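Thank you for making time this morning. I would like to walk you through a few local features of one chain, so please keep the structure open while I talk.

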Amino acid sequence: MPVMKGLLAPQNTFLDTITKRFDGTHSNFLLGNAQGCRGYPIVYCSDGFCELTGYGRTEVMQKTCTCHFLCGGETSERVIQQVEKTLEGQREYQAEVRFYRKNGNPFWCLLDIVPIKNEKGEVVLYLFSYKDISDSYARSHHSRLSEDNRQRRKAGGSHFSRAREHGRTLVYRLTNQFTSRSKGKLTNNVFPKPSLPEYKVAAVQKSRFILLHYSLCKALWDWLILLATFYVAVTVPYNVCFSTLDDSSHGNDECDSASRSTIVSDIAVEMLFIIDIVLNFRTTYVSESGQVVYDTRSICLHYSATWFILDLIAALPFDLLYAFNITVTSLVHLLKTVRLLRLLRLLQKLDRYSQYSSVVLTLLMSMFALLAHWLACVWYVIGRKELESNDPLTWDIGWLQELGKRLETPYVNSTLGGPSVQSAYIASLYFTLSSLTSVGFGNVCANTDAEKIFSICTMLIGALMHAVVFGNVTAIIQRMYSRRSLYHTRMKDLKDFIRVHRLPQHLKQRMLEYFQTTWSVNNGINANELLHDFPDELRADIAMHLNKNILQLPLFSSASRGCLRSLSLHIKTSFCAPGEFLIRHGDALHAQHFVCSGSLEVLKDGTVLAILGKGDLIGADLPAGDRVIKVNADVKALTYCDLQYISIRALREVLELYPEYGNRFTADIHQNLTYNLREVRQSPNTCVCYTHSYLNKCTPRTHTHKNIHSFMLLNNFHPGVSLVCTSSEHQNH
């Protein structure tokens with residue numbers, strides 16, 4: 001799954017579409033609100049219109065789209081009236097009109113008015129297009145004056161001649177007018193009806209044959225191509241180094257048979273690469289601006305300019321030569337090494353999957369093993385070249401000759417004897433891995449100068465790989481355990497604090513339990529700190545989702561959405577362990593609390609006044625002014641409790657911003673509080689048993705708190721019950 005999917009939110013691209021449709025020389029347009037109640041106000045003004053008229057954008061945006069500010073002494077009143085009727089009738093209109101710039105200079109323009117509809121078919125905007133036709137209008141006017149002068153000079157001719165000339169002039173004028181009108185309608189009408197854009201949130205327009213780059217299918221296909229690339233990276237160097245060099249010693253037939261053994265898998269990989277090229281021409285991508293591109297032409301151009309050439313070279317079907325029984329030379333094996341260029345794609349994978357530690361760890365270790373495989377192939381080539389050189393100084397001390405002697409299969413000459421290819425490859429891989437990891441044992445060692453130079457290069461590469469691969473591995477492992485490390489760090493700080501200040505055992509136990517429990521709830525994540533850099537609008541939406549339980553109380557049902565958003569930003573979370581006091585008798589009440597889970601009891605002088613459970617609201621009604629609210633009882637946790645609270649000060653600030661709801665809140669909070677910590681309760685001879693779904697009032701009778709639990713069982717109360725006993729007979733408990 002790619003790290004960046006792109007910007008996928010539906011967008012209203014109307015303005016971008018309008019701007020792109022204009023050709024740059026004719027970008028003089030306004031957008032007016034068709035649903036405005038104050039004379040169709042201008043909602044957008046193009047830069048071209050400002051340049052044409054001389055008015056600034058701020059000046060234009062304060063006016064109406066009827067553009068009375070452009071009218072002057074020679075502006076046609078009939079056209080202005082027709083424009084107003086067009087706006088009222090929501091129709092299209094086109095006319096030539098004389099307007100005046102800000103400096104008073106007149107100009108002729110072709111005015112186009114086009115209504116813009118939304119997805120419901122309602123006209124929401126008007127598009128006013130202004131094309132400067134002063135030059136063409138002046139030429140047309142000059143030609144008409146020349147024709148009139150010519151007619152006056154011929155006025156002394158015969159009556160027949162005058163009639164004929166008059167007819168020609170009339171035809172010329174009609175033709176000229178019709179041609180200009182036709183051209184105006186054909187060329188100047190910027191948006192013909194079929195392509196008229198709508199003012200709406202545009203749905204994603206993509207072909208059903210376009211593959212999304214972030215889809216699960218594309219991710220699985222990428223992993224399949226990655227496996228095929230690793231297969232090529234292993235087999236191609238092996239075939240080039242071992243098969244081609246064994247050609248001289250074992251004959252062409254044996255070489256071909258070894259190559260033909262993998263012909264099926266090689267052709268299958270080539271087909272996969274060819275299919276991948278086809279799919280890449282139909283796969284979306286993320287543009288530089290972050291937009292997801294679905295256009296087929298743009299996708300093709302982007303792929304052709306990036307990875308197409310590399311993928312095409314890697315997909316050349318060299319292995320089809322085997323299928324047609326064509327003799328394959330060593331040159332073909334060398335040409336197949338160009339497929340290794342596809343490994344550059346692996347860098348793209350590392351960047352894409354960098355957030356997944358296990359994936360990056362696997363890819364890095366695979367690259368390390370792949371490098372060892374390549375070096376093993378080169379090490380074998382060096383050993384073969386030392387044998388083929390027939391140098392008496394190096395013939396008997398090369399690593400291949402030493403290996404053959406140990407295996408009792410020494411080389412007789414450069415073409416006969418020696419260990420098998422499998423044994424030679426395993427020994428080569430053993431040597432390169434031991435050299436890269438700097439733990440060589442010397443049983444396979446470099447003896448000749450060429451072998452020693454290669455060993456030095458291998459150890460240098462190994463040092464670099466240690467820095468790159470194993471450095472990244474260390475960072476990945478640390479990142480995997482970063483949260484656990486943070487927990488142990490904070491726990492150690494807490495224990496050091498307890499030890500330095502010599503806190504008693506009961507306080508130590510309470511601190512440790514509170515820390516461990518809160519960590520298990522939020523995993524050490526401070527939501528306020530995490531969301532601090534987000535915009536207020538987004539933070540409010542997140543806060544409304546996190547605090548939806550408390551905001552769904554009947555107390556907040558009449559609040560506006562803006563009020564709820566303001567309240568949600570002030571709601572905090574809290575936690576209370578068993579035996580902890582949430583509020584003490586006589587303290588100032590600082591917040592209204594909502595019980596999300598767990599249970600608490602309200603105590604006064606050792607008497608249980610209420611048992612609070614999930615969904616209960618505990619606090620006090622707000623007095624007038626800023627008077628301090630004194631708590632009349634203790635609130636103690638019976639179990640581990642998750643609570644949400646809003647401070648009294650923040651609540652008053654929000655209610656001051658929304659006075660209509662503030663009055664309603666003050667009147668309703670008394671009825672929504674499960675227990676009011678401010679009011680002085682009377683002692684009626686009743687027992688009120690409150691649950692989440694209903695409210696029962698027991699008949700006046702005498703029973704003590706010692707049989708409360710049996711009373712609850714007899715009435716089938718569930719564990720989340722809240723019991724409020726205010727009977728005077730219970731005061732002794």
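**Helix α27 and two further sites**

In helix α27, the buried residues are Tyr661, Gly662, Phe665, Asp668 and Ile669. Please bear in mind throughout that this is a predicted model. An α-helix has 3.6 residues a turn, so residues three or four places apart point the same way. As for what lies over the buried residues of α27, the cover includes α25, the strand β10 at 591–597, and α26 at 648–657.

How far apart are the end C-alpha atoms of α27? They are 19 Å apart, and this agrees with the 20 Å that the 14 residues of the helix, 659–672, should span at 1.5 Å a residue. The helix α27 does, however, bend by about 35° at Thr666.

Let me turn to α25, which covers residues 561–570 and in which Ser566 is found. Is Ser566 buried or exposed? Ser566 counts as buried because its relative accessibility is 19%, and the cut-off for buried is under 20%. If we leave aside the neighbours within four places in sequence, Ser566 is in contact with Val654 and Tyr658.

The C-alpha atom of Glu513 is separated by 7.7 Å from that of Ala577, although the two residues are 64 residues apart along the chain.

Key
Residues numbered from 1 in each chain as written. Predicted model: local features only at pLDDT ≥ 70, side-chain atom pairs only at ≥ 80, totals over all residues. Heavy atoms only, no water. Helix = DSSP H or I, 4+ residues; strand = E, 2+ residues; numbered from the N terminus. Buried < 20%, exposed > 50% of the residue type's maximum accessible area, 1.4 Å probe, protein only. Contact = heavy atoms within 4.5 Å. Expected span 1.5 Å × (residues − 1). Bend = angle between axes of the 7 residues up to and from the residue.
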